[in-house]
Amino acid sequence: MNDEERLEAIQEVLDRLGEMLDDHILLVEGNKDVAALEKVGIRGDVFCVQVGGGPVKASEYVWRAGKMAVILTDWDRRGGSLAHDLRENLASLGVEYDDSIRSDLAFLTRPFAKDVESLDSVIALLSERVEGASAIL
């Protein structure tokens with residue numbers, strides 16, 4: 001996959017995420033993740049799991065809101081463990097969740113980043129590389 005295809009695929013995933021914002025709560029690890037998502041145009045109901053009391057509190061928040069969840073933790077070992085705990089807690093409350101956004105972004109950004117907070121930087125880097133390549137042609 002070249003840089004242009006990767007950038008386009010990331011944008012498609014972000015578009016999918018944007019379409020979910022009305023009835024989903026985004027579960028991220030911390031405030032830097034929120035800031036990075038806002039820089040790429042994703043604004044919605046977000047719960048920061050690490051500062052908000054952990055997976056149990058996050059799951060209860062989503063359950064009380066009567067919405068579904070998007071698990072968007074980092075794709076490193078710690079983020080994977082947190083995603084696992086969130087899936088278990090959400091399922092125990094009967095809350096529907098999506099973790100495909102996380103999986104897709106992990107796959108698409110893996111050569112460049114391992115976390116949500118780097119998403120805006122990855123997009124900027126890929127955009128710069130694509131623009132640079134087209135300037136050469």
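**Exercise 1. Describe how strand β1 is covered and which strands it pairs with.**

Step 1: burial. Strand β1 covers residues 24-28, and five of its five residues are buried. Buried means under 20% relative accessible area, exposed means over 50%, and partly exposed lies in between, with a 1.4 Å probe and protein chains only. Strands here are DSSP E runs of at least two residues, helices are H or I runs of at least four, and both are numbered from the N terminus.

Step 2: the faces. H24, L26 and V28 are buried on one side of β1, and I25 and L27 are buried on the other.

Step 3: the source. This is a predicted model: local features need pLDDT of at least 70, side-chain atom pairs count only at pLDDT 80 or more, and totals for chains, interfaces and linings use all residues. Residues are numbered from 1 along each chain as its sequence is written, and side-chain values use heavy atoms, with hydrogens and water left out.

Step 4: the partners. Two strands pair if DSSP finds at least two bridges between them. β1 and β3 pair in the parallel sense over four bridges. H24 has M68 as its bridge partner in β3. β1 also pairs in the parallel sense with strand β2 (residues 46-48), over three bridges. Here L26 has V46 as its bridge partner. From β1 the chain crosses through helix α2 (residues 31-39) to β2, in a right-handed β-α-β crossover. Right-handed means that, with the strands pointing away from the viewer, the path from the first strand over the helix to the second runs clockwise.

**Exercise 2. Find the aromatic pair and state which elements it ties together.**

Step 1: the placement. F47 lies in strand β2 and Y61 in helix α3 (residues 54-65), so the pair ties together parts that are 14 residues apart in sequence. F47 is buried at a relative accessible area of 13%, whereas Y61 is partly exposed at 30%.

**Exercise 3. Summarise the whole protein and its confidence.**

Step 1: the protein has six helices and four strands. Their pattern along the sequence is α-β-α-β-α-β-α-β-α-α.

Step 2: of the 137 residues, 42% count as buried. The C-alpha trace spans about 55 × 30 × 25 Å along its principal axes.

Step 3: pLDDT is the predictor's confidence in each residue, from 0 to 100. The protein averages 94, and 96% of the residues score at least 70.
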